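This report concerns one protein structure, which is shown below. Please keep the sequence and the structure at hand while reading.

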Amino acid sequence: MISYFESNTKGRDFVIGDLHGAYKNLMVLLEKLQFNESQDRLFSLGDLIDRGVDSEKCLDLLKQPWFFSIKGNHEELLVKTHENPNLRPLWNKNGGAWSENIEAEKLSSYADLVRDLPLVISIHSDLGRVNLLHAEFFGADEDLDAGNYSEKIQQQLLWGRQLISNPKEFRPLSQMSKTYCGHSVVKTPIKIGAQIFIDTGAGFISEGGKLTIADLTENRFYTV
């Protein structure tokens, strides 16, 4: 449920907010950043699919040696709908209609591709520890490291929006390292306690949404 990465001694590390099929926008960002596939690493906060026009291309990024992702709630919907077709209306309501005309065998391969993605990624470097998770988490680093998350915690990691909805009720935990989150759409990246939300609405590009990437090496944000 949690994957660990050591420091990148060859290049830079980036974290991308929820992609939601915005493959072309991602390529624009990577080109502007002169992303080097042989040295740099790109980490995704999940929700590669749905709403945008290139869900399949975004899924195929998982086959690249420089790309790593946690599981988002939309990947969870893919897996659950594959296992139980009765969930199709729920997935379609959340942007999954792109998959209706895909061959069953191919959809099954996509489900296999995302089924075992971790819920948390932790990157350790000379700059300190950075956690990546999809929605939110109420706890410390040691709680994330436990790995054996209850069903309640799993749902919080995938679907939670309590923190973004009621930030004044949140008590920052000094035991939690800088943590990047997606899931909840914000106009610009915002920090609440240790958690930094960077989903700026790539799933709603036609409505003014943007795609944001964080440069962990330079501690800067870039948006397209």
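The sections below treat salt bridges, a helix, nonpolar cores and pockets in turn. The model is a predicted one.

## Salt bridges

Across the whole structure, ten salt bridges are found. One of them joins the side chains of Asp13 and Arg41, with an N to O distance of 2.8 Å. Asp13 belongs to strand E2 (residues 13–16) and Arg41 to strand E3 (residues 41–44), so this pair ties together parts that lie 28 residues apart in sequence. Asp13 and Arg41 are both buried.

Another salt bridge links Arg115 and Glu83 through their side chains, at 3.7 Å from N to O. Because Arg115 lies in helix H5 (residues 104–115) and Glu83 in helix H3, the pair ties together parts 32 residues apart in sequence. Arg115 is partly exposed, with a relative accessibility of 25%, and Glu83 is also partly exposed, at 49%.

Lys80 and Glu76 form a salt bridge in which the closest N and O atoms are 4.0 Å apart. These two residues are four residues apart in helix H3 (residues 73–83), which means that about one helical turn separates them. Lys80 has a relative accessible area of 38% and is therefore partly exposed, whereas Glu76, at 15% relative accessibility, counts as buried. Together with Lys71, the residues Glu76 and Lys80 are linked in a network of salt bridges.

How many of the eleven residues of H3 are buried? The number is eight, so H3 is largely enclosed by the rest of the structure. The buried residues of H3 are Asn73, His74, Glu75, Glu76, Leu77, Leu78, Val79 and Thr81. Their cover includes helix H2 (55–60), helix H4 (88–93), H5 and helix H7 (151–159).

## Nonpolar cores

The largest nonpolar core comprises 31 residues, and those with the most contacts inside it are Ile16, Leu19, Leu26, Leu42, Leu48, Leu59 and Ile213. Two or more residues of this core come from each of E2, helix H1 (23–32), H2, H3 and H5. H5 provides the largest share of this core, four residues.

Leaving aside residues up to four places away in sequence, Leu19 touches Leu26, Gly46, Asp47, Leu48, Cys58, Leu61, Ala202 and Leu211. Another core, of 16 residues, lies apart from the largest one; among its members are Leu119, Leu158, Leu163 and Ile192.

The largest pocket has a volume of about 310 Å³. It is lined by 18 residues, of which Ser125, Leu127, Gly128, Leu216 and Thr217 are the closest to its centre. Strands E5 (120–125), E6 (128–133) and E7 (178–181) each contribute at least two residues to this lining, and E6 gives the most, with three residues. By class, the lining of the largest pocket consists of five nonpolar, seven polar and six charged residues.

The second largest pocket holds about 180 Å³ of space. Of its 13 lining residues, Met1, Lys71, Glu76, Leu119 and Gln154 are the closest to the centre. Lys71 and Glu76 are also members of the salt-bridge network described above. H3 and H7 are the elements that give two or more residues to the lining of this second pocket, and the largest share, four residues, comes from H7. The lining of the second largest pocket has five nonpolar, two polar and six charged residues.

Conventions. Residues numbered from 1 in each chain as written. Predicted model: local features only at pLDDT ≥ 70, side-chain atom pairs only at ≥ 80, totals over all residues. Heavy atoms only, no water. Buried < 20%, exposed > 50% of the residue type's maximum accessible area, 1.4 Å probe, protein only. Contact = heavy atoms within 4.5 Å. Core = buried A, V, L, I, M, F, W, Y, C linked by side-chain atoms within 4.5 Å. 1 Å grid on protein atoms, 1.4 Å probe; cavity = no way out; pocket = protein on both sides within 12 Å on 5 of 7 lines; lining within 4 Å. Points joined across faces, edges and corners; volume = space filled by probe spheres on them. Nonpolar A, V, L, I, M, F, W, Y, C, P; charged D, E, K, R; others polar.
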